[in-house]
Amino acid sequence: MIRILALAALLAAAPAHAADRSGAALFAYHCAACHAAGPGHPGTAALAYRDKGAEPAVLTERTDLTPELIAYVIRNGINAMPYFRKTEISDRDIASLSAWLVRGKVPGRRPD
Amino acid sequence: MTPPGVSPADFATALAGFRAAVGADWVFTSDEDVGLYRDAFSPAWGEPEERLVSAAVAPASTEQVQAVMRIAHRYGIPIYPISTGRNLGYGGSAPNLSGSVVLDLKRMNRVLAVDDRRHFAIVEPGVSYFDLYHHIRENNLQVWLDVPGPGWGSPVGNALDHGVGDTWGIYRNHFSAHCGMEVVLADGTLVRTGMGAMPQADTWAEYPYGYGPSVDGLFAQSNFGVVTKMGFWLMPAPEAYASLEVTVPRRQDLGALIDFANALEHQGLCGEPLYSSPVAAEQGHPDYQALIKDGVFPSDAALDAFAAARGKAYWAVKLQFYGPHEVVAAQAAAARRIALARMPQAGFGAARTVDLPLSDADMASVDLLAFGVPSLQAFALTARSPRNPDGADGHLFFSPIIPKSGEAVLRYQQVMWEAFGKAGFPRQIGPFTPPNTWMFRSFACLAVFLISRSDVAQNRRIRTFFRHLIAVAAAHGWGEYRTAPMFQDAVRAAYDFNDNALLRLHERLKDAIDPQGILAAGRYGIWPGGRKPQ
């Protein structure tokens with residue numbers, strides 16, 4: 001280990017997982033690759049096809065999410081989305097992520 | 001669940017030891033937690049054939065991996081290591097031997113080194129392609145990754161399963177691009193390979209062989225050790241990208257097109273050639289449906305006439321170039337000249353030049369895999385879409401290696417067309433199927449089966465047919481490069497030269513290195529003592 005770090009001009013060993021545990025950062029780290037807006041996001045495309053506009057396809061814009069539903073899908077998966085292990089995302093991180101995703105949302109009312 | 005051959009008392013003692021080694025929070029035994037290690041894409045979900053897990057232990061350091069292995073060794077606990085556990089389509093995080101304890105290395109997530117003067121990285125197994133990519137970007141390092149389809153995978157785990165990518169030849173084969181490993185053996189012994197074996201050397205990730213026999217290959221697609229660090233060669237960030245599409249009009253022109261692209265690529269003049277059939281999009285046309293209505297593979301003349309009538313070239317190859325602006329322009333010009341000299345019938349489709357690094361606009365319009373940018377776009381294959389209206393619960397890849405020639409591809413199409421048709425499966429391989437070109441010196445030609453957790457009957461049909469396809473392919477010399485644990489014995493049986501001499505060698509090595517057979521028993525067909533448990 002010491003020898004590796006002694007290699008010339010190397011950066012200090014960096015933990016790959018973001019130190020920022022905010023809901024926004026956790027969403028960016030765990031969810032955005034599939035669920036962000038725009039093309040190239042299979043989760044967004046799948047929700048757009050399923051819901052046919054009844055709810056926004058982008059997770060951050062949905063009004064029908066609850067912390068319970070978010071936690072259930074993360075730990076059980078849905079269709080092509082596999083479940084996530086506790087070494088990937090802790091229960092505490094799921095709580096932060098969920099609180100951020102549902103913040104200020106009123107069921108049935110689209111965010112302005 | 002208790003691991004096979006282990007008494008409940010010994011298992012309890014071992015679990016207590018694991019907790020002492022890694023912390024109680026990182027040993028998982030509840031059904032809820034252990035269930036997260038099932039293969040989410042299992043084609044045997046909920047059936048007796050599904051491979052299940054008894055517990056999981058997640059160390060945070062090499063020292064903790066050693067401690068876990070010493071305990072496992074003492075109590076004979078079967079251990080199955082995973083990196084990020086995202087080998088979906090090839091078995092996910094589930095073991096070959098049901099009842100194994102998963103050694104989850106996700107917490108070992110440090111980027112140990114990225115050098116953009118000598119162009120290498122050293123990472124732990126829990127680092128994902130996304131992690132490494134962001135590390136490179138955030139530190140403005142001038143190197144590129146070569147990434148597989150799903151960016152949440154691990155460079156270590158992907159390379160160890162012989163995973164592949166889409167940029168320049170020597171980087172696309174991820175195991176070939178690795179350089180140096182740290183490995184924990186079944187008894188907890190720590191080994192470093194290559195230059196890592198010399199404690200004073202700082203060439204771990206630059207010279208792969210070190211001194212004496214290179215043993216790195218033993219730790220890929222195998223069960224000889226737990227890899228805890230791995231070096232990789234990286235490509236210097238290029239200044240520009242260019243692509244050129246070369247087309248040919250007829251089905252039998254594929255051989256000349258492949259020979260042409262081979263000659264360029266094997267000289268190091270282009271990156272990954274991407275083959276396609278422009279006429280494939282016309283398969284819904286009534287004239288084509290009439291051609292195949294009896295399940296007969298159409299003649300070349302009929303197919304050529306159909307392509308011509310639709311105004312489409314039969315084959316295309318997209319050549320991709322990386323380097324300084326004037327060099328990629330010259331390479332594209334040379335490719336155009338050579339194509340016409342070798343194939344007077346050739347035409348040219350889209351050509352594109354992209355300045356690097358990618359602008360945001362280009363990022364949204366290019367094939368990210370060709371630029372070493374990780375994403376999860378590959379899951380569009382399985383996710384709900386007009387093509388797949390109910391959404392699948394997973395996919396399973398059939399991945400045979402075939403020669404890099406037109407004859408081989410055309411023959412493969414016909415053989416697979418007949419095999420799928422006879423079994424009553426939709427013919428997903430047909431007259432327009434192009435080869436996959438991830439490997440530098442061979443083709444693969446994939447078939448993909450969509451899995452449903454609730455349709456047990458269909459999953460059984462798929463498993464039976466998958467085993468049949470393995471045998472059909474083997475009869476033609478096409479062997480899978482990679483497969484899920486459920487099929488690893490069947491694929492292994494096809495690699496049987498001289499009465500399975502290679503398997504017997506692997507088994508002798510297995511029994512010498514891991515005499516208790518605790519590490520990933522059965523992985524890639526290597527069972528301790530040569531015996532698969534009944």
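**Close-up views of a predicted two-chain model**

**View 1. A salt bridge in chain A pairs A:Arg62 with A:Asp64.** The closest N and O atoms of the two side chains are 2.9 Å apart; a salt bridge here is a side-chain nitrogen of Lys or Arg within 4 Å of a carboxyl oxygen of Asp or Glu. A:Arg62 is buried at 3% relative accessibility, while A:Asp64 is partly exposed at 34%. Buried means under 20% relative accessible area, exposed over 50%, and partly exposed in between (1.4 Å probe, protein chains only). This is a predicted model, so to speak of local features takes a pLDDT of at least 70 and side-chain atom pairs count only at pLDDT 80 or more, whereas totals for chains, interfaces and linings use all residues. Residues are numbered from 1 along each chain as its sequence is written, chains are lettered from A and ligands numbered from 1 in the order in which they are written, and side-chain values use heavy atoms, with hydrogens and water left out.

**View 2. Chain A as a whole has six helices and one strand.** Starting at the N terminus, its elements go α-β-α-α-α-α-α. Helices (H or I, at least four residues) and strands (E, at least two) are DSSP runs, numbered from the N terminus. Of its 112 residues, 46% count as buried.

**View 3. In chain B, B:Arg110 and B:Glu124 meet in a salt bridge.** The N to O distance is 2.8 Å. The two partners come from distant parts of the chain, 14 residues apart: B:Arg110 sits in strand β5 (residues 110-115) and B:Glu124 in the loop between β6 (120-123) and α4 (129-138). B:Arg110 is partly exposed at 28%, but B:Glu124 is buried at 1%.

**View 4. B:Glu182 and B:Lys229 form a salt bridge between two strands.** Their side chains come to 2.7 Å, N to O. B:Glu182 belongs to β8 (residues 178-184) of chain B and B:Lys229 to β10 (residues 226-233) of chain B, so the pair ties together parts 47 residues apart in sequence. Both residues are buried. Elsewhere, B:Glu47, B:Glu49, B:Arg460, B:Arg463 and B:Arg467 are joined into one network by salt bridges that share partners. Over all chains, the count comes to 31 salt bridges.

**View 5. Four strands of chain B make an open antiparallel sheet, in the order β13-β14-β12-β15.** Two strands pair if DSSP finds at least two bridges between them. β13 (274-276) and β15 (347-355) of chain B are at the edges with a single partner strand each, so one side of each has no neighbour in the sheet. On average, neighbouring strands are turned by 15° against each other, direction ignored. Three bridges join β13(B) to β14(B) (residues 315-323), and B:Leu274 stands opposite B:Lys318 in β14(B). Helix α7 (residues 254-265) of chain B packs on the sheet, touching β12 (240-248), β13 and β14, and makes about 10° with β14(B). Contact means heavy atoms within 4.5 Å. Helix α10 (residues 325-342) of chain B lies across β12, β14 and β15, at about 150° to β14(B). Axes are lines fitted to C-alpha atoms, for helices over the stretch in contact, and angles run from 0 to 180 degrees between N-to-C directions.

**View 6. Helices α1 (residues 8-22) and α3 (residues 62-75) of chain B pack at about 170°.** Their axes are 9 Å apart. That makes α1(B) roughly antiparallel to α3(B), a label for angles over 145 degrees. Residues in the contact include B:Phe18 of α1(B) and B:Ile71 of α3(B).

Definitions and conventions: Angles under 35 degrees count as roughly parallel, over 145 as roughly antiparallel, 65 to 115 as roughly perpendicular and the rest as oblique.
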